[in-house]
Amino acid sequence: MKSKLNLNWDIVNKARECARNIAEDTQKFIDAHTTVAIERTVCRLLGIDGVDEMGVPLPNVVVDNIKNGGGLSLGVAFFIGNAMLYTGLTPQQIAEKVGRNELDLTKMPMADLFDIKLAVQEVAVKTVEKIKENRRKREELLKKYGKKEGPLLYLIVATGNIYEDIVQAQAAARQGADVIAVIRTTGQSLLDYVPYGATTEGFGGTYATQENFRLMRKALDEVSEEVGRYIRLCNYCSGLCMPEIAAMGALERLDVMLNDALYGILFRDINMKRTLVDQYFSRIINGFAGIIINTGEDNYLTTSDAYEEAHTVLASQLINEQFALLAGIPEEQIGLGHAFEMNPDLKNGFLYELAQAQMAREIFPKAPLKYMPPTKYMTGNIFKGHVQDALFNIVTIMTKQKIHLLGMLTEAIHTPFMSDRTLSIESAKYILNNMADIADEIYFKEGGIIQQRANEVLIKAYELLREIEKEGLFRTLEQGKFAGIKRSMNGGRGLEGVVEKDPNYFNPFIDLMLRGDRQ
């Protein structure tokens, strides 16, 4: 890609090196710890599902049993494998016995570690093969229907009822949507368990459950056949169950996951140690499953000024990129986030938005960037809002963004009606078609406003990354340098679920997914 911004690539490379050092320094802590969410994920990947007679998910039951027995530092796989050898039962049958208080996994005679690993490996390989098959199925469908070259139109459904979501999702696909995101119910990110089964009640969204994933995937496959396009399914892989939701998505062939290294810390007050450990395993799973991750830098601009704090978006994108690469996610699956969120009264605001978006495109040329519409300054004036969304659509096509979350003219008024979505799709399709090749026709004035702005943001991002490199990521988050939000290293939710690993700890899926065959 030929640079239109005349970026200082020496600065870009130095900034990326800082981000790499920040991620690698943090990775030392990550590698030494596990969490209750990671161990529940191992349970799910070993085939454990369902609830006990009190409605508690069996992965929670198993992990709580091991944690209460003081054994979590060895990992769930150790105790499940040992129980398989001792009882001859499957992981699911073992979990059910634990749920009935018929087994205590930490009080059983211990077999040889080699035999334990061998027993678990046999089950783990079958799960990994299922995820690989889902990946192959996605590629077959994309080949059948053809991969869309331009921006993917991304629409949200959020009724609270999975069956109503399906009706709206299929309608959106027929209207032209390429990606359907099922918004999670308010507060689910703070639950330290994943609800079970299909759900019909939720506030501001629908519960992320494996059954809901299965139902929506089936519905989108049906409408894909009808419209002759592969409709991608997106959900939210964040919060206290981040890796569990990644596993459920991998098992049910989701295509896109909101998966940010810092979002839960900043915007949900989840403990930073917990989040950073959890994000690593969640990203290993997403990377292996061929799922595109979307990061959440757009959220910074809801609490900070988009013009003044634009450099924090770039700094976070570079850090998110490095954490993703450490987890084995290729650049083609790292959907870094940003947003069209500057004050519409700002003189030349469109030029600054254009500079920011083009800068992201040039610095991350292989990334399927996710571009978010204006929300902060949507006032309820639907006519002005529709124009703001039109300008956002123009930036998308001028800078070759990939995942385009459609703005709604009724933003800040109510949950969008299907008619609102229709208008948004029509506007986006009109602009994207009428300006289809404009990105290849337009260059920016040498030393002009756009070039100057991009390089100014780049330099500030590099300076911030140098500070973070010196202080360390944990200390930086305590200081509130992202989104103006300060978080305590030992505060927030979920710290009690972080455990230092024993030397004999093992998680078979890390090796199989991070270093195994992806084909």
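Modeller: Domain bounds, as used here, come from an automatic or database domain assignment. The model is predicted, with pLDDT of at least 70 needed for local features and 80 or more for side-chain atom pairs, while totals for chains, interfaces and linings use all residues. Residues are numbered from 1 along each chain as its sequence is written, and side-chain values use heavy atoms, without hydrogens and water.

Colleague: What are the domains into which the protein chain is divided?

Modeller: Domain 1 covers 34-125, and domain 2 covers 148-306 + 327-445. Taken over C-alpha atoms, their centres are separated by 35 Å. To the contact between them, domain 1 gives 16 residues and domain 2 gives 17 residues, contact meaning heavy atoms within 4.5 Å.

Colleague: How much area do domain 1 and domain 2 bury between them?

Modeller: The size of an interface is often given as the accessible area lost when the parts come together. Buried area is accordingly the accessible area (1.4 Å probe) that two parts lose on being put together, summed over both. For domain 1 and domain 2 the value is about 1300 Å², with 66% of it on carbon and sulfur atoms.

Colleague: Which feature does UniProt place at residues 5-512?

Modeller: The unreviewed UniProt entry gives "domain: D-Lysine 5,6-aminomutase alpha subunit" for that span. UniProt positions follow the numbering used here, feature names are shortened, and annotations may be inferred rather than shown by experiment. In the model, residues 5-512 are 53% helix and 7% strand, and their end C-alpha atoms lie 42 Å apart. Helices (H or I, at least four residues) and strands (E, at least two) are DSSP runs numbered from the N terminus.

Colleague: What makes strand β2 largely enclosed by the rest of the structure?

Modeller: In β2 (residues 152-157), five of the six residues are buried, which is why the strand is described in that way. Strand β3 shows buried residues as well: V179 and A181 point one way, I180 and V182 the other way, and all are buried.

Colleague: How do you know that β2 and β3 pair?

Modeller: Two strands pair if DSSP finds at least two bridges between them. Four bridges join β2 to β3 (residues 179-182), and the strands run parallel. I156 has A181 as its bridge partner in β3, and Y154 stands opposite V179. With β10 (residues 403-405), β2 has three bridges, also in the parallel sense; there L152 is partnered by I403. Three parallel bridges link β3 to β4 (residues 232-236), where C234 is the partner of A181.

Colleague: What makes up the right-handed β-α-β unit that includes β2?

Modeller: That unit consists of β2, helix α7 (residues 162-175) and β3. A crossover is right-handed if, with the strands pointing away from the viewer, the path from the first strand over the helix to the second runs clockwise. β3, helix α8 (residues 210-227) and β4 form a right-handed unit too.

Colleague: What is the order of the strands in the open sheet?

Modeller: The nine strands follow the order β7-β6-β5-β4-β3-β2-β10-β9-β8, with parallel pairing. β7 (334-335) and β8 (337-339) each have a single partner strand, so they stand at the edges with one side left without a neighbour in the sheet.

Colleague: What is the phi of K400?

Modeller: Most residues other than glycine have a negative phi. K400 is not a glycine, yet its phi is positive, about 60 degrees. K400 sits in the loop between α15 (382-399) and β10, and its relative accessible area of 43% makes it partly exposed. A483, likewise a residue other than glycine, has a positive phi near 60 degrees. A483 is in the loop between α18 (473-479) and β11 (498-500), and at 7% relative accessible area A483 is buried.

Notes: Buried < 20%, exposed > 50% of the residue type's maximum accessible area, 1.4 Å probe, protein only.
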